[in-house]
Amino acid sequence: MVAEGTVRDGGGDGPVKAAAIDCGTNSIRLLIADADPAAGALKDLDRRMEIVRLGQGVDRTGRLAPEALARTLEACRRYAGAIEAHGVTPDRIRFAATSATRDAENRADFVAGVRDILGTEPEVITGMEEAALSFTGATRELTGAGTALVVDIGGGSTEFVLGNREVSAARSVDIGCVRLTERHALADPPTADQIAAMTADIDAALDEAGRSVALAGADTLVGLAGSVTTVAGIALELPAYDPAAIHHSRIPAATVRAVSDRLLTASHAERAAIPVMHPGRTDVIGAGALILARIMERSGAAEVIVSEHDILDGLLWSVVERAS
């Protein structure tokens, strides 16, 4: 457990040191940063990600698998060590769990484990909360974006949020790279029938999202999370994953479609050999890329602006606002 008596900053009007953890269906991520509310700037002290696949089998069983829970809590122990090393106390930590945990019957086991390790209560946030936090994280540093449609493609769900500085509409739907890969039992590579079924599944979810959020007509389309950043890295032909090169890159719709087609026709070995590919995304990236391609088709966007800043940054800003 993170020590209660750790010395921390944050007094007066200076920077506030805080930590945020985003635990999704496929990955768990940590951000420790000094936040300057006056300047609207974050200075990263530690930003990391681990693939833990917490949502393994949740779509089928409705429960968190014991081995998935064990992997995730072990990552939490490593994150607790980093948080303590930076002198962040439990009152300056926010832990948010998203799609897989919302859907699990045994989520109380997960909540208790996180509380014991980190000394803070994990929040199983709603899809609407997830959308709003993603919007804040993705757009806070964008200028001149006008009305933005932010899409956060996760492992279990995809969030759509529309706004201009403030959120005007949001919707979360149950399509994500892990959920679709498991639901359609994708072969290696997927068959034409499997791709068609997955496409129909995505399009039905876009119909659902479109009843709450206008998917066409925004000035800017902003894409978040690992599927989107991986597609960008492939499109940019990077020799290795490079967040600085990916952040705020602009990927044309035709390029996204080409990358999606490439990934859906490649074998596992061929996908694994792509320089920017994280090993934990190799089996699910095809589904994630197809979601992005279908969103761009539906929205009519000519390009997507890719952001490395997302719900994790939104979570940290929410900690700072609470501390103000």
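How many salt bridges does the model hold, if I count a side-chain nitrogen of Lys or Arg within 4 Å of a carboxyl oxygen of Asp or Glu? I get 22 salt bridges by this rule.

Notes on the source. I am working on a predicted model, where local features need pLDDT of at least 70, side-chain atom pairs count only at pLDDT 80 or more, and totals for chains, interfaces and linings use all residues. I number residues from 1 along each chain as its sequence is written, and side-chain values use heavy atoms, with hydrogens and water left out.

Entry on Arg78. I looked up its partner and found Glu74, at 3.7 Å from N to O. Both sit in helix α2 (residues 66-85), four residues apart, so about one helical turn separates them. Helices (H or I, at least four residues) and strands (E, at least two) are DSSP runs, numbered from the N terminus. An α-helix has 3.6 residues a turn, so residues three or four places apart point the same way. I find Arg78 partly exposed at 39% relative accessibility (buried is under 20% relative accessible area, exposed over 50%, partly exposed in between, with a 1.4 Å probe and protein chains only). Glu74 is also partly exposed, at 36%.

Entry on Arg94. Its side chain forms a salt bridge with Glu123 at 2.9 Å, N to O. Arg94 is in strand β4 (residues 93-97) and Glu123 in strand β5 (residues 123-124), so the pair ties together parts 29 residues apart in sequence. Arg94 is buried at 8%, whereas Glu123 is partly exposed at 23%.

Entry on helix α12. I count 15 residues in α12 (residues 285-299), and 13 of them are buried. Just after α12, Gly300 takes a positive phi of about 75°.

Note on methods:
The expected span of a helix is 1.5 Å times one less than its number of residues.
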